[in-house]
Amino acid sequence: MVDTILPLNVKNATVKKRDKRIIGPINIQISTKGFTIIMGPNGSGKTTLLRLLHGFENPCGGILNWNSDVESVQQNQSFVFQTPIMLRRTAIENVTYPLSLRGIPKDTALKIAKEWISKINLDHLCNTNARFLSGGEKQKLAIARALITKPQLLFLDEPTANLDGSATKEIEKLLQEAHNAGTRIIMTTHDIGQGKRLADDLIFLYRGTIHESGKAKDFYKKPETQEARAFLNGDILE
Amino acid sequence: MNDIVEGMLSAFRLIFSLDRDLFEIILLSLQVTLTAVIIASIIGMPMGAWLAVNRFKFRRFTIAILNALMGLPPVVVGLIVYIMLSRSGPFGVLNLLFTPTAMVIAQVIIITPLIASISHQAIRDLWADYHDLLISLNTTKRQRILTLIKDARRSLLTGSLAGFGRAIGEVGAIMIVGGNIDHLTRVLTTAIALETGKGEFAFALALGFILIALAIIVNLAIHTISKTERASNW
């Protein structure tokens, strides 16, 4: 049994690129359960914050305190990108890939992958080269690939940004199921409606700093900052 | 022009006469070249992949040297291998000079930089695509290299075929280290050089056409076996 890697405490974390501050100082606690949405206008630092939490970005100041050792943290989280990165392999091979990295026997990996492929309704495309799938199919495949190792924590960077309504609905259903099964989810979006549909907690970012953080329903009901109110009203934030 | 036509006709006559000496030369050409390509691919592909995924102090310099080595003069390689394998050389005791093994060694040295450089370029592009995913999946360097080699296999095949093309047509180095000995180290290119020297242009051309045909057949065979250029693989 793997110890839980959460909660995560982020204290005064700052990310800079070429001496320019991108985000920070960030102070948040990621609790063990829930569905957190990171919201904000374009360029507010949502993706950078997600990448910081996942370990893609190193903070130039501050610390990230996990409830576990580095190896456990790396093994128990997955990341889904805005533009899905597909291996030049078939759909089923893409899904089995993380299992093969962990040394799981081919037969077992294939069996688990087939269950996931069925779950995302892509049985008929099992042996199709993943690069030929539609945007929605690729994203479902990317989510299945991210969830197949049963991570405790799943990061998603605007997974439905380029998708139509029906594909978005399917992705949201998949994420709700993962959330109900106990996966901690942190996702960025600038879709106000999506935040309302999915979020337990919400972090509102503006110009690289957290302007609001708390329960999603409170944020939607009574945003505390002027920027959050403007964002929810659909005003253009500069 | 007559020589060319006569050469083509001679090539057909030679093939259909099932000349035993000719088939011996063709077989040795293929044996030496394919062995060299396999060894050079085993060395060059992981080398190219390693260069693509690693960042180190003299990386640019190493890549520049590798690219420069693609143009290694075969005669110089042949001369160096000759000195190394000759009785007074450090590997003289192995008695490899004027054997097919010496020819393979020379060809491996000539084509490894070519295969490594093409592999590096193919894998570097794929690494740019895969970078975030493979980092996110917490892969080890070995896993990254193996994944990239597997998924770039069609581009890597092009590198191996380029190596094959260079090796099968190579004459300078293998002439020096092989000695063009009849029934032992004579291959198509050295036989062409010999026949040209004797003034047998039509026969030399016939061997030349066979050499070209052989290169085309091997390329086609490898493309067919590896299922490249099929619509489903585009």
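**Note on a helix pair in chain B and a strand in chain A**

1. The model is predicted; local features need pLDDT of at least 70, side-chain atom pairs count only at pLDDT 80 or more, and totals for chains, interfaces and linings use all residues. Residues are numbered from 1 along each chain as its sequence is written, with chains lettered from A and ligands numbered from 1 in the order written.

2. Helix 2 of chain B passes helix 7 of chain B in a right-handed crossing.

3. Helix 2 of chain B contributes S29(B), T33(B), A36(B), V37(B), A40(B), S41(B) and M45(B) to the contact, and helix 7 of chain B contributes L156(B), S160(B), G163(B), F164(B), A167(B) and I168(B) (C-beta atoms, placed from the backbone, within 7 Å). The contact residues divide into 8 nonpolar, 5 polar and no charged.

4. Strand 7 (residues 184-189) of chain A has 6 of its 6 residues buried, so it is largely enclosed by the rest of the structure (buried: 20 or more other C-beta atoms within 10 Å of a residue's own). R184(A), I186(A) and T188(A) point one way; I185(A), M187(A) and T189(A) point the other.

5. Strand 7 of chain A pairs in the parallel sense with strand 3 (residues 35-39) of chain A over 5 bridges (pairing needs at least two DSSP bridges). T36(A) has I186(A) as its bridge partner.

6. Strand 6 (residues 153-157) of chain A also runs parallel to strand 7 of chain A, joined by 5 bridges. Here L154(A) stands opposite I185(A).

Terms used:
Left-handed = near helix turned anticlockwise from the far one by under 90°. Helix = DSSP H or I, 4+ residues; strand = E, 2+ residues; numbered from the N terminus. Contact = placed C-beta atoms within 7 Å. Nonpolar A, V, L, I, M, F, W, Y, C, P; charged D, E, K, R; others polar. Buried ≥ 20, exposed ≤ 12 C-beta atoms within 10 Å, placed from the backbone.
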